[in-house]
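User: I would like to go through this model and ask what stands behind each label. Please keep the answers brief.

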Amino acid sequence: MSAQSLTVETTQRLEVTDVTDQVRAAIPEGATGTVTVFSNHTTTGITVNEGEERLLNDFESALDSLVPDSGWEHDQIDANADSHIRAMLVGPSETIPVADGKLQLGTWQSVLLVECDGPRTRTIQVLSSE
């Protein structure tokens with residue numbers, strides 16, 4: 001197994017960032033097995049979907065509509081319960097097949113970091129089972 005940490009800078013409170021190229025670069029040459037992309041943060045998520053800009057904007061709008069910004073018990077601590085709930089809906093990781101060092105994503109699939117409490121500097125782990 002190999003592991004690599006990636007750093008992602010986010011610029012908005014709620015945004016989706018395509019990290020596919022960074023994940024690809026972290027896969028050992030010739031590896032076959034799986035790669036797990038994991039967020040080390042409770043207010044970010046990882047998902048696989050199409051990285052088309054309008055769709056990503058729609059996804060951000062959907063998360064914003066599904067989970068109101070305020071009115072949560074946790075807000076009494078640090079006013080970011082909405083971020084935690086949005087991240088829980090997305091989930092912290094994705095596992096993707098790898099063959100001969102290449103991600104086996106579908107034609108339109110990308111690996112996406114979903115920032116729910118930015119802007120921040122985020123760390124994601126890329127764990128390859130070879």
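User: Which strands form the open sheet of three, and in what order?

Analyst: The order is β2-β7-β4, and the pairing is antiparallel. This is a predicted model, so local features need pLDDT of at least 70, side-chain atom pairs count only at pLDDT 80 or more, and totals for chains, interfaces and linings use all residues. Residues are numbered from 1 along each chain as its sequence is written, and side-chain values use heavy atoms, with hydrogens and water left out.

User: Why are β2 and β4 called edges?

Analyst: β2 (15-18) and β4 each have a single partner strand, so one side of each has no neighbour in the sheet. The twist averages 35° from one strand to the next. Strands here are DSSP runs of E, at least two residues long; helices are runs of H or I, at least four long; both are numbered from the N terminus.

User: What makes β4 and β7 a pair?

Analyst: Two strands pair if DSSP finds at least two bridges between them. β4 and β7 have seven bridges, in the antiparallel sense.

User: Why is Ser128 called buried?

Analyst: Buried means under 20% relative accessible area, exposed over 50%, and partly exposed in between (1.4 Å probe, protein chains only). Ser128 has 2%, so it is buried. Not counting residues up to four places away in sequence, Ser128 touches Met1, Ser2, Ala26, Ile27, Pro28, Thr34 and Val35. A contact means heavy atoms within 4.5 Å.

User: Ala79 and Asp100: how do their accessibilities set their labels?

Analyst: Ala79 has 48%, so it counts as partly exposed. Asp100 has 54%, so it counts as exposed. Ala79 sits in the loop between α3 and α4, Asp100 in the loop between β5 and β6. Each has a positive phi without being a glycine: near 55° for Ala79 and about 55° for Asp100.

User: What makes helix α4 mostly covered?

Analyst: Seven of the 10 residues in α4 (residues 81-90) are buried. They are Ala81, Asp82, Ser83, His84, Arg86, Ala87 and Val90. The cover includes β4 (44-50), α2 (53-66), α3 (75-78) and β7 (109-115). Just after α4, Gly91 takes a positive phi of about 100°.

User: What makes a set of residues a nonpolar core, and which members of the largest one touch the most others?

Analyst: A nonpolar core is a set of buried Ala, Val, Leu, Ile, Met, Phe, Trp, Tyr and Cys residues joined through side-chain atoms within 4.5 Å. The largest has 19 residues, and Val23, Ile96, Leu103, Val111 and Ile124 touch the most other members. β1, α1 (20-26), β3 (33-39), β4, β5 (93-99), β7 and β8 each supply at least two residues. A second, separate core of nine residues includes Leu14, Val16, Leu112 and Val114.

User: What is Ile96 in contact with, beyond its neighbours within four places in sequence?

Analyst: Its contacts are Gly33, Thr34, Val35, Val37, Val48, Leu103, Gln104, Leu105 and Val111.

User: Where is the cis peptide bond?

Analyst: The bond from Gly118 to Pro119 is cis, with omega near -5°. Pro119 lies in the loop between β7 and β8.

Methods: Axes are lines fitted to C-alpha atoms, for helices over the stretch in contact, and angles run from 0 to 180 degrees between N-to-C directions.
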